[in-house]
Amino acid sequence: MTIVASVDDEERSNAVVREAATLADRFDEPLHVLSVYEESEHDHLLNEKIDIDQKPTDEDRKEIARTVAERASEGISREHEVIGRTGNPAEEILEYATEVDSRYLVLGGRKRSPVGKALFGSVTQSVLLDADRPVVAVMDSN
């Protein structure tokens, strides 16, 4: 079994990886840090953040996702594997968790108004509702 930390380019991601590392240590399980690049009309924002000018290829997107996972893992001394995937984040997270038979999924969450949830959806909410294994949500402290 494996502990899977699902991260994005938000500041809270390092806290997600730290919590996942704690679980991995406690259960003596491998730690995988997963990031999923979802192509959207907002690609340019992420691309600017990581200094890419041209439209990325599928392999570029996977590399971008791996880079996001590596950044979220900075300062974590525990051995871990970094994984980058592309597609719908909730679906990819759940699919990966099944592939590696994860013991726990650890991901970040933030408080949103009911209208915000309805308008923008939530990867965390989708994973919580559809997961067939325990999910740990590390909530934003803001």
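Predicted model: local features only at pLDDT ≥ 70, side-chain atom pairs only at ≥ 80, totals over all residues.

Visitor: Which residues of α4 are buried?
Guide: The buried ones in α4 are P89, A90, E92, I93, L94, Y96 and A97.

Visitor: And what goes on at the start of α4?
Guide: There, a side-chain oxygen of N88 comes to within 3.1 Å of the backbone nitrogen of A90.

Visitor: Then what follows α4?
Guide: D101 does, and its phi is positive, near 50°. D101 sits in the loop between α4 (89-99) and β4 (102-109).

Visitor: Let's zoom out. How many helices and strands does the protein have?
Guide: Six helices and five strands. Reading from the N terminus, the order is β-α-β-α-α-β-α-β-α-α-β.

Visitor: How much of the protein is buried?
Guide: Of its 142 residues, 42% are buried.

Visitor: Now the inside. How many residues are in the largest nonpolar core?
Guide: That core has 16 residues, and I3, V7, V17, L31 and V106 have the most contacts inside it. The elements that give it two or more residues are β1 (2-7), α1, β2 and α3 (58-72).

Visitor: Which element gives the most?
Guide: α1, with six residues.

Visitor: What does L31 touch, sequence neighbours aside?
Guide: Not counting residues up to four places away, L31 touches I3, A5, A20, A21, A24, R78, E79, H80 and E81. There is also a second, separate core of 13 residues, which includes L34, L94, V100 and V127.

Visitor: R78 is in that list for L31. Where does R78 lie?
Guide: In the loop between α3 and β3. R78 has 17% relative accessibility and therefore counts as buried, the cut-off being under 20%.

Visitor: What is around R78?
Guide: Leaving aside neighbours within four places in sequence, R78 is in contact with A21, A24, D25, E29, P30 and L31. A polar atom of the R78 side chain lies 2.8 Å from the backbone oxygen of E29.

Visitor: Which other arginines are buried?
Guide: R133 is one of them, at 14% relative accessibility, and R61 is another, at 10%. R133 is in the loop between α6 (123-130) and β5 (135-139), whereas R61 lies in helix α3.

Visitor: Take R133, then: what does its side chain make a polar contact with?
Guide: With the side chain of D132, at 3.1 Å. Beyond neighbours within four places in sequence, R133 is also in contact with A97, T98, D101, S102 and L105, so we are back at D101, the residue that follows α4.

Visitor: And R61, how far is it from E38?
Guide: They are 23 residues apart in sequence and 8.4 Å apart in space, C-alpha to C-alpha.

Visitor: Last topic, α3. What is its span?
Guide: α3 has 15 residues and reaches 21 Å from first C-alpha to last, close to the 21 Å expected at 1.5 Å a residue.

Visitor: Which residues of α3 are buried, and where do they sit around the axis?
Guide: R61, I64, A65, V68, A69 and A72 are buried. They cover an arc of only 140° around the axis, so they are on the same side of α3. In general, an α-helix has 3.6 residues a turn, so residues three or four places apart point the same way.

Technical notes: Residues numbered from 1 in each chain as written. Heavy atoms only, no water. Helix = DSSP H or I, 4+ residues; strand = E, 2+ residues; numbered from the N terminus. Buried < 20%, exposed > 50% of the residue type's maximum accessible area, 1.4 Å probe, protein only. Polar contact = N/O pair within 3.5 Å; in protein donor to acceptor, adjacent residues only side chain to side chain. Contact = heavy atoms within 4.5 Å. Core = buried A, V, L, I, M, F, W, Y, C linked by side-chain atoms within 4.5 Å. Expected span 1.5 Å × (residues − 1). Arc of directions from axis to C-beta.
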